[in-house]
Amino acid sequence: MVDACHFSDLGYSGLPFTWDNRQSGADNIKVRLDRALGDEGLLKIFDDTSVTHVQTTESDHCAILVKLSRAVWSGTAGFHKPFKYENMWRQHERYEQDYLKTVVPSQLMAERSANLVVINPGSTNVRMGFASQDVPFNVPHCIARHKSDAGKLSVRDQRLNCRAGSTHNAEREKAYDIIASLLKIPFLTEVSSSENQPLPPKMGRVDGLSSQQNKDDNKLNWTDLMDRSSKSSTSIESSDADEDPSQSTSDDGNRPNSKEIKYKEMIFGEDALRIPPSASYCLSRPIRRGHFNISQNYPLHQVLEDLRTIWNWMLIEKLHINPKDRNLYSVILVLGEIFDNREIKEMLSIVLGDLGFSTAVVHQEALAAAFGNGLSTTCVVNIGAQVTQVVCVEDGVALPHTALALPYGGDDISRCLLWVQHRHRTWPSFKTEPMKRPMDMLMLNKIKEAYSQIRSGSFDAVAHVHSYEHEKSVGQQKTRLSALSVPPMGLLYPRLLIPEEYPPPPRPWFQDCDDMLEDTWQTNDGVSGNGGLGAWDNYQMLPTRLKKFDNIGLVEAIVSSILSTGRVDLQRKLFCSIQLVGGVALTAGLAPVLEQRVLNTIPSNQPVERVVVLQSGRNPLFIPWKGGVILGVLDIGRDAWIHREDWIKNGVHVGSGRKYKDSYFLQSQIMCYYNA
């Protein structure tokens, strides 16, 4: 048969045999029984063919690995017509399915990420960047506008803050003592037995300190408020200045070009938070606690204007996308489950109508977080700066009835750290007011990120504490901070954290609507669209889908969310796949404590024996943003994408008879490909 077909042996590399009888000693036999054969025609086409013997454990025969390849030919004799891609192939009905089976993921990412912009607004910061970037720009979601009238720095939502009363303080002290008993540290009464005592009776040990903890890395400089360029002040980034910004005009008053020096009209991001208290600016935060920061002092139209201005500044200054070129780009909005449908509509109107993007899509933050870590079934615990969200995801679909929102986060831990130091009398005699001075809040966040961790026993650290009460000079003092394990434990005992309290908005804005973007509505002019707000006054209001608990701890929220699925097999998977995202997820010791506490909190009648909190290799702060990149690049069908023309002309209606569905019900069409 071999001679009749003109076959020849292709040779081999590797083991000299292909069969082994797996006997020992003299009974062992090894023979080359299996061969790879080919004729002359095969060798002409694939002249660089190789054969390898691969040993296996499943069979007594070796596997035969044949690699068919061509050598690089030169000259006209071996010339082959180069492969060319035809655009008309995209019109074939099976193009997308067949393309996904053959394309390399890195190639797909490079092809489709160049013109995609991913925006992930959090409870305090907004993360924005091209899909081709590894890490997005992370900027505080705030803007400061210069006031014509003289006055000090004002904050729009300042009147919404409240100070804790005696009842709150009593509950906080009880929560501290419960945590102290768990961590085996002195109770609060033992630490502060006398209000006149200058120092606690016994300082905790200082161990495990790294070299960076001795550095003065918490110092912040005031923002330079002067615009010294001839360009428009709306697109100028501020710079740091060690000198008093209020004296900047007097230094240059005698120069010939002093007329060109003026105050910046608008300042964005962290520069806006570092404006001196005596400067005549108004600081605004359009998003607070996971919602639009609407109040009588901060109306809806101003919130939307600030949001639009901040995003436009980031697109120009960070991504360098001019308004005239934005019709060439698409945007992916990665939004937390706490945002209600009206807020999502307004953000879609901003990116499609005001900013001028060609298409847009909304993806859930929990679903994006799962994809960002390469998971299809997981319990996502997103601990943000002001809001913590717990959502279960099964096979690439977020389960809406499992969603919980907790009104506390990293900022509350930072303020709790200050309270603990005041009770321990370790804080210097500085007037630190994070609710009135944003600079103090920035400093507390840096100290929390550098030193806070969860561990048993007393743990102290030496840190530099700065005073920003006076602008001319930044005072500082090296001090020893105590009980640094207590503030992050507030996630488990939220009575330790006292967040800001806000009065209700002028109308029930924060309630949700069950038919998100399912129907068009009429504006005051009778024209179908999404520009009229008057119609919302009569819009049917239904109870919000997202549950909110003020006093429930993070452990109870995780257990409640997973058990609400109602299926034992799914519950076991979710308890073994708890994923922490958000900046607070970097807190050392948080994952082991959650594993132990969740396992002890599961009811005894539940057949769950193991709990696993996953540790991500990436920065957990950017995982939802990266997941949005993956969802946008691999979303081949693009059924949920909204075109700018459809949005402007028809409101929420999408062409071809389809309407935009709530992202709770968006199922991923590329899960099989992604898992493969």
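Student: Which side chain does Arg495 meet in a salt bridge?

Tutor: That would be Glu171, at 3.2 Å from N to O. Keep in mind that this is a predicted model.

Student: Where do Arg495 and Glu171 lie?

Tutor: Arg495 is in the loop between β28 (475-481) and β29 (521-522), while Glu171 is part of helix α4 (residues 166-183), so the bridge ties together parts 324 residues apart in sequence.

Student: OK, and is Arg495 buried or partly exposed?

Tutor: Arg495 is partly exposed, at 37% relative accessible area. Glu171 is partly exposed too, with 31%.

Student: How many salt bridges does the count come to?

Tutor: 16. One of them pairs Asp271 with Arg274, where the closest N and O atoms are 2.4 Å apart.

Student: Are Asp271 and Arg274 buried or exposed?

Tutor: Asp271 counts as buried because its relative accessibility is 14%, under the 20% cut-off. Arg274 is buried as well, at 7%.

Student: What about Arg437, what does it pair with?

Tutor: Glu433, with the closest N and O atoms 3.9 Å apart. Here Arg437 counts as buried at 11%, whereas Glu433 is partly exposed at 22%.

Student: Switching to the inside: which residues touch the most other members of the largest nonpolar core?

Tutor: Tyr176 and Leu554, in a core of 52 residues. Helix α13 (residues 554-563) gives the largest share of this core, six residues.

Student: What is Leu554 in contact with, leaving aside its neighbours within four places in sequence?

Tutor: Its partners include Val381, Ile383, Val390, Leu406, Tyr408 and Leu594. Thr388 is in contact with Leu554 as well.

Student: And which residues are in the other core?

Tutor: That core lies apart and has 41 residues, among them Val117, Val126, Ile287 and Trp647.

Student: Zooming out, how much of the chain is buried?

Tutor: Buried residues are 50% of the 676 in the chain. There are 18 helices and 34 strands. Among contacts between residues at least 6 apart in sequence, 72% join residues at least 24 apart.

Student: Last one: which residues form a nonpolar patch on the surface?

Tutor: Val2, Phe7 and Leu37 do, with about 220 Å² of accessible area together. Val2 sits in the segment before β1 (8-9) and is partly exposed, at 38% relative accessible area.

How values were computed. Residues numbered from 1 in each chain as written. Predicted model: local features only at pLDDT ≥ 70, side-chain atom pairs only at ≥ 80, totals over all residues. Heavy atoms only, no water. Core = buried A, V, L, I, M, F, W, Y, C linked by side-chain atoms within 4.5 Å. Buried < 20%, exposed > 50% of the residue type's maximum accessible area, 1.4 Å probe, protein only. Helix = DSSP H or I, 4+ residues; strand = E, 2+ residues; numbered from the N terminus. Contact = heavy atoms within 4.5 Å. Patch = residues over 30% accessible without salt bridge, like charges linked within 9 Å, V, L, I, M, F, W, Y side chains within 5 Å. Areas by Shrake-Rupley, 256 points an atom, 1.4 Å probe, with all protein chains shown as cover. Salt bridge = Lys/Arg side-chain N within 4 Å of Asp/Glu carboxyl O.
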